[in-house]
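Q: I have a structure open and have not looked at it before. Can we walk through it?

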Amino acid sequence: LLVLAAFGQLLPPELLALAPLGCLNVNPSLLPKHRGASPINAAILAGDAETGVSIMRMDEGMDTGDVLVQARLEIGPAETAEVLGRRLARLGAALLLATIPPWVSGEIAPQPQDHSAATYCHPLRKEDGRIQWRQSAAQLDRQLRAYSPWPGSYTTWQGRTLKLLAASPLPDWPGPAAPGRVLAEDSQIVVAAGQGALLLRQV
């Protein structure tokens, strides 16, 4: 039996064929949703209420193998990818240990994924973190949490890069104001978004 977690590469057929009991992957998503390189970030970015872990038998495709078991986990309203990743790691480790004995003894029948329902996420790049102020305040809040700690979120102020570390969405900010315009409210920094505004708490 081979086991992989957070490996990030496809295994060649000759390696997949080595172990009689196959190669199991601890995948931090509820497959077939968010197949690919950044499922934890993608779940937060999409505004999902929950995510989870799938123990799947790997094949030659990208997260396309049959699923043995799944466990679900709610995503907290202020949770970052770093915090959610730690919780998913603990859940995945426990689920793997509970799954191996019945898998070895032949008690689990893997279930094919519904490939028509699959969604995909790409490897994160540094440029993904650039803030697009025309997005809604809720979307920007999800970006900050999804991209913490990497690639981070940033904008420019007077020609210099400004990193946004923590913020709170103000979806009902009265406006109107041009997206990206800096506003002030009770000595706090508020920036207008495409819908609502973002209160900058740490930069």
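A: The largest pocket has a lining of 34 residues, and Ala6, Phe7, Pro28, Ala37 and Pro39 lie nearest its centre. A pocket here is an open set of points on a 1 Å grid over the protein atoms alone, where a 1.4 Å probe fits, with protein on both sides within 12 Å along at least five of seven lines, and lining residues have an atom within 4 Å of a point. This is a predicted model, in which local features need pLDDT of at least 70 and side-chain atom pairs count only at pLDDT 80 or more, while totals for chains, interfaces and linings use all residues. Residues are numbered from 1 along each chain as its sequence is written, and side-chain values use heavy atoms, with hydrogens and water left out.

Q: How much space lies in the largest pocket?

A: About 680 Å³. That volume is the space filled by probe spheres set on the grid points, which are joined across faces, edges and corners.

Q: Which elements give two or more residues to the lining?

A: Strand 1 (2–5), strand 2, helix 2, strand 4 and helix 3 do. Helix 3 gives the most, with eight residues. Helices (H or I, at least four residues) and strands (E, at least two) are DSSP runs, numbered from the N terminus.

Q: How many of the lining residues are nonpolar, polar or charged?

A: The lining divides into 21 nonpolar, 10 polar and three charged residues. In this count Ala, Val, Leu, Ile, Met, Phe, Trp, Tyr, Cys and Pro are nonpolar, Asp, Glu, Lys and Arg are charged, and the others, Gly among them, are polar.

Q: Now the core. Which residues in the largest nonpolar core touch the most other members?

A: Ile44, Val53, Ile55, Leu68, Leu84 and Leu88 do, out of 20 residues in that core. Its contributors of two or more residues are strand 2 (23–27), helix 2 (39–45), strand 4 (50–57), strand 5 (67–74) and helix 3 (81–104). Helix 3 gives the most to this core, with six residues. A nonpolar core is a set of buried Ala, Val, Leu, Ile, Met, Phe, Trp, Tyr and Cys residues joined through side-chain atoms within 4.5 Å. Buried means under 20% relative accessible area, exposed over 50%, and partly exposed in between, using a 1.4 Å probe and protein chains only.

Q: What does Leu88 touch?

A: Not counting residues up to four places away in sequence, Leu88 touches Pro28, Ile40, Thr51, Gly52, Val53 and Leu73. Contact means heavy atoms within 4.5 Å. There is also a second, separate core of 11 residues, which includes Ala137, Ala167, Ala193 and Leu200.

Q: And Thr99, buried or exposed?

A: Thr99 counts as buried because its relative accessibility is 3%. Thr99 is in helix 3. Beyond neighbours within four places in sequence, Thr99 is in contact with Ile55, Leu68, Val69 and Ile108. Thr99 and Ile55 are 44 residues apart in sequence, and their C-alpha atoms are 8.1 Å apart in space.

Q: Switching to helix 4. How many of its residues are buried?

A: Helix 4 (residues 137–146) is mostly covered, with seven of its 10 residues buried. Those are Ala137, Leu140, Asp141, Gln143, Leu144, Arg145 and Ala146. The cover includes helix 2, helix 3, strand 7 (153–157), strand 8 (160–164), strand 9 (166–170) and strand 12 (197–202).

Q: Which peptide bonds are cis?

A: One joins Ser148 and Pro149, with omega about 10 degrees. Another runs from Trp150 to Pro151, with omega near 5 degrees. Pro149 is in the loop between helix 4 and strand 7, and Pro151 is in the loop between helix 4 and strand 7 too.

Q: Where is the phi positive in a residue that is not a glycine?

A: His34 has a positive phi of about 60 degrees and lies in the loop between strand 2 and strand 3. Asp63 also has a positive phi of about 60 degrees, and Asp63 lies in the loop between strand 4 and strand 5. Most residues other than glycine have a negative phi, and most peptide bonds are trans.
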